[in-house]
Amino acid sequence: MLIISPWMTFGIASDGTPKGYGVYEVKGNALTWYYKSTGFDKSEQLRIAVDELTNQKRVIANVWNADPEWKIECWLDGKPAGAMERISGFDPLALAQVADDSEKTYKRFPKPRKTEHLFLCHAPASTKKVQVVVTDRFGNTYEKSWEEHLVG
């Protein structure tokens, strides 16, 4: 039986988490877990957005299953930029889903809501490539990259 949650709109929850479910694995006395996005590989544990700001770029990573034991790191043009700062805010994709028709869409449920599983890094405006590497509490690593594509 398939149950469609009313808490999801456009395939994502109001905090930007893709539809999916938790997977728990028990081996002896050891318990591990991860979030499995429906229709995606287990490696889909984050999404990144890069915004152009005045004189800089802003990198936001939504790491939907992150807990305090996760390590979230940013690399800019192949060089380590360090740990990303955990922030409270709105997921860029959740906001973008309602941006075109915000008056009509915001009257529907659910509205985008703030989440605590966003991570921030500021980059120089000249940055051409961003890579976010996350390591979960079990030592598994996941990566997402963004690369600026020049037109012309």
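The questions below cover aromatic pairs, salt bridges and a surface patch.

Analyst: This is a predicted model, where local features need pLDDT of at least 70, side-chain atom pairs count only at pLDDT 80 or more, and totals for chains, interfaces and linings use all residues. Residues are numbered from 1 along each chain as its sequence is written, and side-chain values use heavy atoms, leaving out hydrogens and water.

User: How many aromatic pairs does a search of the whole structure find?

Analyst: Rings of Phe, Tyr and Trp (its six-membered ring) pair if their centres lie within 6.5 Å; planes under 30 degrees apart are stacked, over 60 edge-to-face, the rest tilted. The search of the whole structure gives 2 aromatic pairs.

User: What is the angle between the planes of Trp 33 and Phe 138?

Analyst: The ring centres of Trp 33 and Phe 138 are 5.0 Å apart. The pair is edge-to-face, with the planes at 90°.

User: How many residues apart are Trp 33 and Phe 138?

Analyst: Strands are DSSP runs of at least two residues (E), helices of at least four (H or I), numbered from the N terminus. Trp 33 is in strand E4 (residues 30–37). Phe 138 is in the loop between strand E11 (129–135) and strand E12 (141–147). The pair links distant parts of the chain, 105 residues apart.

User: Which aromatic pair is stacked, and what is its centre-to-centre distance?

Analyst: Trp 70 and Tyr 142 have 20° between their planes, so they count as stacked. Their centre-to-centre distance is 6.3 Å.

User: Are Trp 70 and Tyr 142 buried or exposed?

Analyst: Buried means under 20% relative accessible area, exposed over 50%, and partly exposed in between (1.4 Å probe, protein chains only). By that rule, Trp 70 and Tyr 142 are buried.

User: Over which ring does the charged end of Lys 42 sit?

Analyst: A charge sits over a ring if NZ of Lys or CZ of Arg is within 6 Å of the ring centre and within 35 degrees of the ring normal. The charged end of Lys 42 is 4.4 Å from the ring centre. That ring belongs to Tyr 34.

User: How many salt bridges are there?

Analyst: A salt bridge is a side-chain nitrogen of Lys or Arg within 4 Å of a carboxyl oxygen of Asp or Glu. The count is 8.

User: With which residue does Arg 47 form a salt bridge?

Analyst: The closest N and O atoms are 3.2 Å apart. Arg 47 is partly exposed, at 21% relative accessible area.

User: Which residues do salt bridges that share partners join into one network?

Analyst: Glu 148 meets Lys 57 at 3.3 Å, N to O. Glu 148 also forms a salt bridge with Lys 128, with the closest N and O atoms 2.8 Å apart. The network joins Glu 52, Lys 57, Lys 128 and Glu 148.

User: Is Lys 57 buried or exposed?

Analyst: Its relative accessibility is 1%. Lys 57 therefore counts as buried.

User: Which residues form a nonpolar patch on the surface?

Analyst: Patches take residues with over 30% relative accessible area and no salt bridge, joining like charges within 9 Å and nonpolar side chains (Val, Leu, Ile, Met, Phe, Trp, Tyr) within 5 Å. Areas come from the Shrake-Rupley method with a 1.4 Å probe; for residues, only the protein chains shown count as cover. Together the members have about 350 Å² of accessible area. They are Tyr 24, Val 26 and Leu 31.
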